[in-house]
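Subject: Structure handover

Hello,

Please find the structure below. My notes on it follow.

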Amino acid sequence: MKAWPRPAVPTLETRGGRPRVHDTATGALVESGPVEGSARLYVCGITPYDATHLGHANTYLAFDLLQRAWLDAGLDVTYTQNVTDVDDPLLERATQTGVEWEDLADEQVELFRTDMVALNILPPAHYVGAVESIDLVVALIERLKSTGLIYQVDDADHPDWYFATSQAPGFLTESHLDVEAALRIFGERGGDPERPGKRDPLDCLVWLLERPGEPSWPSTLGQGRPGWHIECTAIALEYLGENFDVQAGGSDLIFPHHEMCAAEGTAATGEPFARAYVHAGMVGYEGEKMSKSKGNLVLVSQLRKAGEDPMAIRLALLAHHYRDDWEWTDADLAAARDRLARWRVVLGAATPPAQPMIDAVRAALANDLDAPAALAAVDAWVASASGHEGAAENAASYARAVDALLGVRL
Ligand code: 5CA
Ligand code: ZN
């Protein structure tokens with residue numbers, strides 16, 4: 001699938017260090033990325049039926065900061081993102097609204113691309129849909145058969161294929177949930193713990209056999225379509241390989257999604273799936289998590305249509321630490337507009353050297369992508385710069401650094 005155009009990232013005169021990020025699996029801050037070479041990142045992409053709300057934007061922005069920190073440390077980045085372009089919620093929405101599911105997906109993916117461009121978010125090198133990955137998914141399930149962990153559910157009408165998650169090495173070491181909590185959350189987030197005929201209630205679907213009126217593809221497993229988790233496992237292994245640096249997404253993916261991906265990936269390769277699992281907090285609105293299913297959405301495209309500067313939207317999101325859960329209000333945007341205006345005032349002015357501020361921004365971002373601390377460092381420099389003696393080149397270095405490290409174009 002085509003991603004979106006890559007914006008220029010200014011090169012700075014000095015280099016930052018490797019960032020540390022919070023790894024969900026160990027609960028610790030870990031050095032992320034290799035010492036040299038290419039950092040490998042997988043961020044779970046959208047299910048394209050109602051994009052792009054500010055929660056999505058916040059999650060992709062968090063991992064955009066991670067990429068920028070790696071680039072600033074002199075590393076290359078290999079970034080892969082999927083698109084869940086065939087799955088139950090997409091098919092249900094298409095049926096409800098009387099459109100073809102492919103058209104709904106195409107339209108929403110295109111909207112997502114334009115939102116990502118507006119927000120100055122770096123694109124993945126591999127932007128990969130589930131539909132175009134059917135062969136990869138089937139090959140991975142076939143490979144997993146040798147582990148004895150793949151079976152058909154005991155259901156004469158629909159003997160769908162499952163992965164015996166609960167017997168897989170390392171299962172529940174990413175989320176650290178106990179079985180009771182895992183069962184409850186599995187049922188809430190697209191799982192089917194109650195389905196009769198499974199070996200264990202936590203086992204997950206990998207290949208759904210054909211259902212009337214639903215899309216399906218021929219395969220050695222029978223005519224059908226992929227389950228959700230195996231889609232990301234197959235795409236990540238193909239485009240990044242095993243034991244890649246970071247698997248990322250919102251915290252709603254800690255379980256079951258990333259736990260299942262890790263279990264499938266580890267069972268298939270005998271190696272850890274990812275080195276670290278990094279999760280962004282949930283953005284809420286009007287008292288609940290912002291979600292398509294609840295319909296309490298603020299869309300990036302709506303704000304843009306209303307004339308909002310995308311850089312103000314970006315700053316409004318950056319004002320919250322990526323791991324925090326928080327609730328969007330109009331005051332966030334008003335404060336971001338003011339900040340953007342203050343930051344723009346010093347452009348072209350004679351200012352003091354920007355390097356101490358750049359060092360402070362780098363230190364903040366290297367410490368678990370602490371964007372609020374980075375914004376505070378820029379605020380302090382901007383405040384000290386007004387009416388100060390100095391040189392115009394300093395303001396140019398400042399603008400380059402704010403673009404390169406924070407993705408804010410002044
Ligand atoms: N296609 C799957 C991942 S493979 C999926 O979760 N799609 S999604 O469209 O529901 O979400 C896309 C990304 O946005 C995921 O990383 C998800 O964790 C994140 N996300 C969804 N809702 C929110 C929210 N309210 N706040 C922050 N991030 C969110
Ligand atoms: Zn995913």
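Is the crossing of helix 12 and helix 13 left-handed or right-handed? The crossing is left-handed, a term that applies if the near helix is turned anticlockwise from the far one by less than a right angle, with clockwise giving right-handed. Before the rest, some conventions. This is a predicted model, in which local features need pLDDT of at least 70 and side-chain atom pairs count only at pLDDT 80 or more, while totals for chains, interfaces and linings use all residues. Residues are numbered from 1 along each chain as its sequence is written, chains are lettered from A and ligands numbered from 1 in the order in which they are written, and side-chain values use heavy atoms, without hydrogens and water.

Helix packing

Helices (H or I, at least four residues) and strands (E, at least two) are DSSP runs numbered from the N terminus. The axes of helix 12 (residues 371–385) and helix 13 (residues 392–406) come within 12 Å and cross at roughly 170 degrees; axes are lines fitted to C-alpha atoms, for helices over the stretch in contact, and angles run from 0 to 180 degrees between N-to-C directions. Helix 12 is therefore roughly antiparallel to helix 13 (under 35 degrees is roughly parallel, over 145 roughly antiparallel, 65 to 115 roughly perpendicular, the rest oblique). Helix 12 contributes A374, L375, V378, W381 and V382 to the contact, and helix 13 contributes N394, A395, Y398, V402 and L406; contact means heavy atoms within 4.5 Å. Nine of these residues are nonpolar, one is polar and none is charged (nonpolar: Ala, Val, Leu, Ile, Met, Phe, Trp, Tyr, Cys and Pro; charged: Asp, Glu, Lys and Arg; polar: the others, Gly among them).

Aromatic pairs

There are 10 aromatic pairs in the structure. Rings of Phe, Tyr and Trp (its six-membered ring) pair if their centres lie within 6.5 Å, and planes under 30 degrees apart count as stacked, over 60 as edge-to-face and the rest as tilted. Y42 and F244 make a tilted pair, 6.4 Å centre to centre with 50 degrees between the planes. This pair joins strand 3 (residues 38–43), which holds Y42, to strand 10 (residues 244–250), which holds F244, across 202 residues. Both Y42 and F244 are buried (buried is under 20% relative accessible area, exposed over 50%, partly exposed in between, with a 1.4 Å probe and protein chains only). Y60 and F112 pair edge-to-face, at 5.3 Å and 75 degrees, linking helix 1 (residues 54–72) with helix 3 (residues 101–118).

Loop residues

T165 is in the loop between strand 7 (161–163) and helix 5 (179–188) and is buried, at 0%. G348, between helix 10 (330–345) and helix 11 (355–366), is exposed at 68%. Apart from neighbours within four places in sequence, G348 is in contact with A392 and A395.

Backbone

Most residues other than glycine have a negative phi, and most peptide bonds are trans. The bond from A51 to T52 is cis, with omega near -20 degrees, and T52 is in the loop between strand 3 and helix 1. F255 and P256 are also joined by a cis peptide bond, with omega about 5 degrees. N120 has a positive phi, near 60 degrees, and is buried at 1%. N243 has a positive phi of about 50 degrees and is buried at 18%.

Regards
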